[in-house]
Amino acid sequence: MGSGFLLRRIGYGLLLMLGVVVLNFLLIRLAPGDPAVVIAGEMGGATEEMLASIREEYGLNEPLLVQLGIYIGNVLRGDLGESFFFNQPVAHLIALRIGPTILLVVTAQLLSIFLGVLLGVLAARRPNGVMSAFVSVFATIGYAVPVFWTGIMLIILFASVLPVFPVEGMTSVRLRDAAWYVQWLDVAHHLVLPAFTLAIIYLAQYARLSRASMLEVLGSDYIRTARAKGARERTVLFRHALRNAALPILTVAGLQFGNLISGALLVETVFNWPGMGRLAFDSILRRDYPTIMGVLFFASAMVVIANILTDWSYRLADPRLRGRT
Amino acid sequence: MSDRTAAQVRAESPAREAWRMFRRNIPALAGLVILSAIVLATLYGSFFYSGDAFDIVWAPHEPPGVTAEFPLGTDYLGRDIVAGLLTGGGPTLAVGAAAAAITMVIGITLGALAGFFGGWVDNLLMRITEFFQVLPALLFAMVLVTLFSPSLWTIAIAIGVVSWPQTARLTRAEFLKIKELEYVTAARAIGARNGRIMWQVILPNAAPPLIVSATLTVGVAILFEAGLSFLGLGDPNVMSWGLMIGANREYILDAWWPVTFPGLAIFFTVFSVSLIGDGLNDAFNPKLRSR
Amino acid sequence: MSLLEIDQLKVTFDTRYGQVTALDSVSLAMDAGETLAVVGESGCGKSITALSVMGLIPQPPGKIAGGAIRLAGEDLTRASEARLRAMRGAEVAMIFQEPMTSLNPVFTVGDQIAEAILLHQDVPRDRAWKDAVALLERVGIPAAAARAQDYPHQLSGGMRQRVMIAMAVSCRPRVLIADEPTTALDVTVQAQIFDLLNEIQRDFGAAILLITHDMGAVSEMADRVAVMYAGRVIETGTADSVLDAPQHPYTRGLIGCIPSLDTAGDGLAEIPGVVPPLHLLGAGCAFAERCLHVRDTCRDTKPRLTEKAGHHVACFGAQEGWL
C-alpha cells in the first residue's frame, strides 16, 4: 500500500504541530501583562536581570513576526524554553514524564477497546437479551461518572477494604534495587487502578458502539454467505463480522485519543502517577508557562501520532480504501 | 385560510410527535424528573436550608447521619456538606449550560458556513476544526483558564472554545444533506438570500440532531467544569461540586463522605441529562428505537 | 426416494401483526442432476423455502411449524446444529441474489473460497488456495491466480457472481440453491451465468434449485417448475408442460410478462395488484383478490393441488373447467 499516503499524512501532521506552536506563541502574547513576566511565572520570583535574559532569548523587543520566527526556530532545535520554577529545560522535564503517560494512556486505550468490543459482541448476539440491557445501562452510567471521582472511589475501596493494588505512584521505593523484571511487575501492579479508572468510561462507549456496529454487520448478506458455507457461529462473529464492525470502532478510537489524554491528566493527579498530567497540574498551579506550553505541545503531538496510526490501521483493515489517496 | 392552518398543523406535528414519543419513554422521563429536582434544589434549596457553604460550623469530619443538623456530615474544615451541595450545584449547572450554549453557537455557526458554502470555506473551516481536535480539550481549557484568570465566565468560554469541533462536524453534515433537498432549491428559486436559507430554511430542519447533541453537550460541559474545579482551577470564591471533591481529596482515607456526595451529585446530574438526550434521540428517530 | 424432498413444510414468523404463515404445506421434490425452478413474485415464500433447506431461517422470529425436509432420506428439520453446519456448503450450497453484498469486503475472494474448502475438507491451507484458484479458472475468470488475490470491490458484478458460484461448488454439493442468481446483473451477463450454471451442473452432477421470478430463466434452465403464491405452491409440473399449457391464471400472467430487453424488472404488467400481506390472508384462495375470473368458491375455500393437463394446479377454475 502506498507509502505516499503515509508521507502525506505525516506532512499534514507536522503542519498541525506547527499550528500548535503558533497557538502557544499567541497564547503567551494574548495573556494580560508583560510576556517576559508571564514566561518567568508568578512563582518564579523574577528579577530584573532574569526578565532581561528572557527578553533576550525570546527576542521580545523585536517585532511580533520576528519573535514568532525565533520561537519556531527554538522549537525546531528541540528547545522548548526553560522552566523557571523547576529550573530545568522544559524538554528535559517532559522527557522524564512522557513515558509513564504513554504507558497509562496506551494501556487504558487497549484495555477499553478489548473489553468494550468483547462486551459489545456478546451483547450483539442477543439484541434484546440481558447482556444488551447491561451494555446500554453501563454505557449511560460510564458516560456520566466523573473520571477523577471513579479514581477516588477506587482508592477508598482498595486502600482500606481490599488492599490488593497500590493506590499511589508508579513504583515502590523498597524495590528500587530489585531485578528489572521485579520492577516491571511492580509498575504493572501500580498501573492496574489508574488504567482501569481511565479505561472504564471508554470501555462503556466502545461496548455500546461495537454492539450497534455488530448488529448492523450481522444483518448483512455476507454474514448469511458465511453461515451458508457452514462456518461456526464463533467464526461468523469474530472473523467475518468483527473485521467489518471494527471500522467505526477504529474511527472513534482515533477521535477519542485526545479525550483519553485529557482524562489521563485527571487520573494522574488522583493517583499521583508521575506523568505529564501531573506535570501540567503542578506547572499550572505555579503558572509556569513554558512548561505548560511544552506539555500542550507534546500532548497534541501524541494525538497527531495517534490519528496517523488510526488512519493507517483503518486502511489496513478496509481494503476498499487502499490504493486511494 | 384553510391552507395556512394546514401548514401550521404540519409544522407543529413533528415536535408534538417527538414529545408524544418522549412521554412514553420511562428512562427519559425519569431523567427529566431527576434533573428538575436537582435544578429546583440548587435554585431554591437555600430558602429551606440555611447556612453558607464556606462557613465552618462544626467539628471537622463529622460522619453523616450522626448529627441531625448536618445530615451528610462535615468536611475537613468542619463545613456543612448539605450546604455545599445546595450552593455548589448552581455554578456547576450554570457553567454547564453556558458552556454548552457557547459550544453550540460556535459549532453551529462554523459548521453551517462550511456545509452551506462548501469549497474553500469548507476546506478552511474543516482544517481549523481538525486543528482544534488535536488539542487535548481539558489541557487546553486549563491553559486558557489560567492565562485569563478563573471566573465562571472564563471557565464557560474556555469549555466552549475547546468543545465545539464535534458540533461543527455534525452541523456541517446536516447542512450538506439538507441543502440538496427540494425545498431548499425552491427557496432559492423564489430569490431567498443565503442568510435566510441558512438560518430560516435549513437550520430548523437540522434541529433534531442538534438538539440531541446540545443536550449531551450540557452533560460533557458539566463534567468539564467539575474536572477544572477539582483541579483547583475554578473560581476560588465560588463553591462547586468539583471544588468540594478537590478540596477534600487529601483526606479520603479518613472520611469518605465529603468526596462521595458531591460526586454522586455530579453523576446524577449528568446521568439525567444523558437519559434525556437518549430519549430525545429516540423520539426524533423512531426507526432506530428497535436497536 | 428423491434426493431432496420437501414434504408439507410449514414455516411461521412472529411479527407485530401476530403469527403469520410464510410457508403453508409446501411440497417439492428433486432428483440428482435435475433443475427445479421455484417461481413467484417477491414475498411469495420462495426465498424462505431456500433458507429453510439451508437451516438458516432466523429462529426466533421464524419457526418450522410442521412438515419435513429430507436430504437423501435424512430429515433436516430434526438435525442438530452441528449436523446442519457440516451439511451447509458441503452437501447443500447456496448462491445469493446480490453478488455486490454477498461477499465479505475485507477478505480476498481466494480466501473466501479457500475458507469454504477448509471448513469441510481436511486439506492443508496451500492446497485449499490452489483449489480455489482452479475453481476460479473453472468458472471462467481470466488470470485466476491473480484475481484470487483481489478483494470483492475490485471485481465487476458478473465476476463476483462467478466467485459466488465457485465458492458454492467448491465442495461438490449434491444440491445447489441459486436464489435469483442473475437479478442484479446485466442482461448479457445473465445469459453467461445461466450457461455457467448449466455447465457446472453437467460437470458436478448437482441438482439445482433455482429461485426466480423470471419465466425467461425458467425456460432456459429448468426441468421442472413450481409456481408459488403467498406461501403455497399453486402450480407445478415439468417445465415444458407448465410453460406450454399454464393452468393457473397467476402462472399465465407470469408467462405473459417474460421480460424482454426493455421491460426487465419486477412489475407484472399483466396482473393488477400485489401479493397480499401474509397477515391479511383469508380462508379462500390467496390470489382471489387479483383474479379476473374469481367466483364465490374462491373466496371461501383454499383450492388444493390436483392433476390437470399433465401437471398439478391449485385453482378451482382450472380444475372445474370454467376458467
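Analyst: Two strands pair if DSSP finds at least two bridges between them. Helices (H or I, at least four residues) and strands (E, at least two) are DSSP runs, numbered from the N terminus. Residues are numbered from 1 along each chain as its sequence is written, with chains lettered from A and ligands numbered from 1 in the order in which they are written. This is a predicted model, in which local features need pLDDT of at least 70, side-chain atom pairs count only at pLDDT 80 or more, and totals for chains, interfaces and linings use all residues.

User: Which residue of E12(C) is the bridge partner of C:Thr236?

Analyst: The partner of C:Thr236 in E12(C) is C:His312. Strand E10 (residues 232–238) and strand E12 (residues 311–313) of chain C pair in the antiparallel sense over two bridges. Both belong to an open sheet of eight strands with mixed pairing, in the order E6-E7-E8-E3-E9-E10-E12-E11 (chain C). Its edge strands, strand E6 (92–95) and strand E11 (306–308) of chain C, each pair on one side only. From one strand to the next, the twist averages 25 degrees (axes are lines fitted to C-alpha atoms, for helices over the stretch in contact, and angles run from 0 to 180 degrees between N-to-C directions).

User: What is the order of the open sheet of four strands in chain C?

Analyst: That sheet has the order E2-E1-E4-E5 (chain C), with antiparallel pairing. Strand E2 (18–30) and strand E5 (74–75) of chain C stand at the edges with a single partner strand each, so one side of each has no neighbour in the sheet. Strand E1 (residues 4–15) and strand E4 (residues 62–71) of chain C pair in the antiparallel sense over eight bridges; C:Lys10, for example, has C:Gly66 in E4(C) as its bridge partner. Helix H1 (residues 46–54) of chain C packs on this sheet, touching E1, E2 and E4 of chain C, and its direction makes about 75 degrees with that of E2(C).

User: How many residues of chain B are in contact with chain A?

Analyst: Two residues are in contact if their C-beta atoms, placed from the backbone, lie within 7 Å. Here 36 residues of chain B are in contact with 39 residues of chain A. On the chain B side, H10(B) gives the most, with nine residues. By class, that side has 26 nonpolar, seven polar and three charged residues (Ala, Val, Leu, Ile, Met, Phe, Trp, Tyr, Cys and Pro count as nonpolar, Asp, Glu, Lys and Arg as charged, and the others, Gly among them, as polar).

User: Which element gives the most to the side of chain A that touches chain C?

Analyst: Between these chains, 19 residues of chain A are in contact with 22 residues of chain C. H9(A) gives the most to the chain A side, with eight residues. This side has six nonpolar, five polar and eight charged residues.

User: Which elements of chain A have the lowest and the highest mean pLDDT?

Analyst: pLDDT is the predictor's confidence in each residue, from 0 to 100. Helix H2 (residues 35–40) of chain A has the lowest mean among the elements of that chain (75), and helix H5 (residues 90–125) of chain A the highest (91). For chain A the mean pLDDT is 84, and 97% of its residues reach 70 or more.
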